Amino acid sequence: MNSVWVVAALLAFWFIWQRKSKTQAGALPPGPTPVPILGNVRDLTAKELWLTATKWAKEFGDVVHVHVVGQGLVFLSSPEATMDLLDKKGSIYGDKPSLVAFTRYGESSRRQRKLINQAFGIQVIPSYHPLIEAETHSFIRSLVADPSNYIDHTRRYAGGLTLSVIYGYEAVGNNDKFLNLGEECVDILSNRIASGGGIWPVDIFPSLKGLPTWAPGSGFLLKAAQWKAKMEEFVDHPYNFVKASMKTGSYVPSFCSVLLEDKEKCNTQFEFDLKWTANSMYSASMDTTITVFCHFLLAMVLHPEVLAKAQKEIDTVVGRDRLPTFSDRASLPFVEALLSETYRWGVPVPLSLPHRLMEDDVYRGMFIPKGSLIFGNVWAITRDETLFPNASAFLPERYLEKVDPALAKKRDPRTYVFGFGRRRCPGVNLVESSVWLLITAVLATLDISKAKDDFGNPIEPKIDFNNSVFRIPDKFQCDIRPRSEHALKVLREADAARP
Ligand code: HEM
């Protein structure tokens, strides 16, 4: 037996012994039968784990427990269970897995969250509108020039928007140095470390943190070290850019510069919080925005009737002689419904990000041990036929029906897709504005349809999902082109009018 298995076995025996004394408080939630020591390791799938978790929910109920060598994983698959635990009991369900990526719940995470709320509070967002408009128009120009690289353009758009809001830095083209650095970090984290739906080996075997890097099974430690080194580079460089440009006096006001101007607060602790907070926002905005935009594109390719209806609404309300602006939003209910349906149908982060339970808890008579990783199964909720009849279909009309406020909240995908409780996405207000303008401006200026083969036959998009955390569709073929010469002229005029 090698060292990994010795540690694993000891941990498992410790866990089982501990659990025995505690389960007197109630039985663990149901779930697939584990095998001795390894638990449910073979039941977990790295690809689309949310589908497996949803099958369990159908078989065992909306609270399912599995374990992997003693580490409990709990999947919550109903609005009631996620609200009761992750929202209402947020004070004990607000911690995060420990290894590399997240700030544990506590003083530091509270300080960082306060800084983020300062930057992205609802009242601050209108001050970003000019920036959002500029980035959106530049995104459309890139799509027109080079439609097949829509993923790169979306990455450039999301990264560019956050770099300018957070650091006052204007990214140059798709090959920008900070964009590239950010891309490397996000790639190592989501594709090489967080495989298995964000369940990382060290969270399953906490003692493995102490393993020497030459030991068998310690490959993830090397990846984590690699990621950490890159991350430090990525945390420091854009931050140093802000400080250097503040010294010369030529800088664009940003989240960092505004907070750095308050000299009284500027101690080492504050600077540490500020630069990691700034960076966490960048990383968190990237794959999420790409996922939402790709699903919008896919929905438009597959549903030309929805595209036509949304374009008709925009043409009637906005006309064809100017681009939509935020002041049009309240007059475009179908576009609003289309955005809601994109969140629901696309499910950008289907198992959300895991929360770690900080104390033993009992829920509906079931015992949930401290240290369990809790997953809000957003996929199961947004595919629930009782809440969303014909759930796999893309039907924006479902949001036009008037229902009472409690049901409206339950059916609003925003209640789930941005996460839960004290960890809910702090970028949500920015997203609500930026993604709305993104899709509205695209609908106003571009036509989207199936690509055609050499004989003019439509090509069905091939869809697969290979990212284990974000539900990003692999690149698919589609046809994106300007609606008319006039639409391009209007875009040029909007650029020329910008100060
Ligand atoms: C469509 C786009 C987005 C979606 C769907 C999304 C969704 C999420 C989700 C599901 C979480 C995990 C919440 C939880 O643990 O319960 C999260 C966390 C986070 N998001 Fe977003 N997000 C988006 C865009 C953004 C943007 C643009 C920013 C910042 C500019 C941002 C900043 C963050 C941060 C900093 C966290 C970590 C919060 C923490 O751990 O306390 N997100 N987001």
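Which residues does Cys425 touch, not counting residues up to four places away in sequence? A few notes on this predicted model follow, starting with that residue.

1. Ground rules. Residues are numbered from 1 along each chain as its sequence is written. As the model is predicted, local features need pLDDT of at least 70 and side-chain atom pairs count only at pLDDT 80 or more, while totals for chains, interfaces and linings use all residues.

2. Cys425. Leaving out residues up to four places away in sequence, Cys425 touches Phe418 and Gly419 (contact: C-beta atoms, placed from the backbone, within 7 Å). Cys425 sits in the loop between α16 (414-417) and α17 (428-445). Cys425 counts as buried because it has 21 C-beta neighbours inside 10 Å (buried: 20 or more other C-beta atoms within 10 Å; exposed: 12 or fewer; partly exposed: in between; C-beta atoms are placed from the backbone). The unreviewed UniProt entry places a "binding site" feature at Cys425; such annotations may be inferred rather than shown by experiment.

3. The ligand shell. Cys425 turns up again here: 27 residues surround the ligand, and the closest are Ser285, Thr288, Gly419, Cys425 and Gly427 (near: C-beta atom, placed from the backbone, within 6 Å). By class, the shell has 16 nonpolar, eight polar and three charged residues (Ala, Val, Leu, Ile, Met, Phe, Trp, Tyr, Cys and Pro count as nonpolar, Asp, Glu, Lys and Arg as charged, and the others, Gly among them, as polar). Helices α11 and α17 each supply at least two shell residues, and α11 gives the most, with seven.

4. Helix α11. This helix covers residues 268-302, and its 35 residues reach 52 Å from first C-alpha to last, close to the 51 Å expected (1.5 Å times one less than the number of residues). It is mostly covered, with 25 of the 35 residues buried.

5. The open sheet. Four strands form it in the order β1-β2-β6-β3, with mixed pairing (strands pair if DSSP finds at least two bridges between them). β1 (63-68) and β3 (355-356) are at the edges with a single partner strand each, so one side of each is left without a neighbour in the sheet. β3 runs antiparallel to β6 (residues 373-376), joined by two bridges; His355 has Ile374 of β6 as its bridge partner.

6. The whole protein. There are 18 helices and eight strands (DSSP runs, H or I of at least four residues for helices and E of at least two for strands, numbered from the N terminus). Of the 499 residues, 41% are buried. Among contacts with a separation of 6 or more, 76% link residues 24 or more positions apart.

Key
Contact = placed C-beta atoms within 7 Å.
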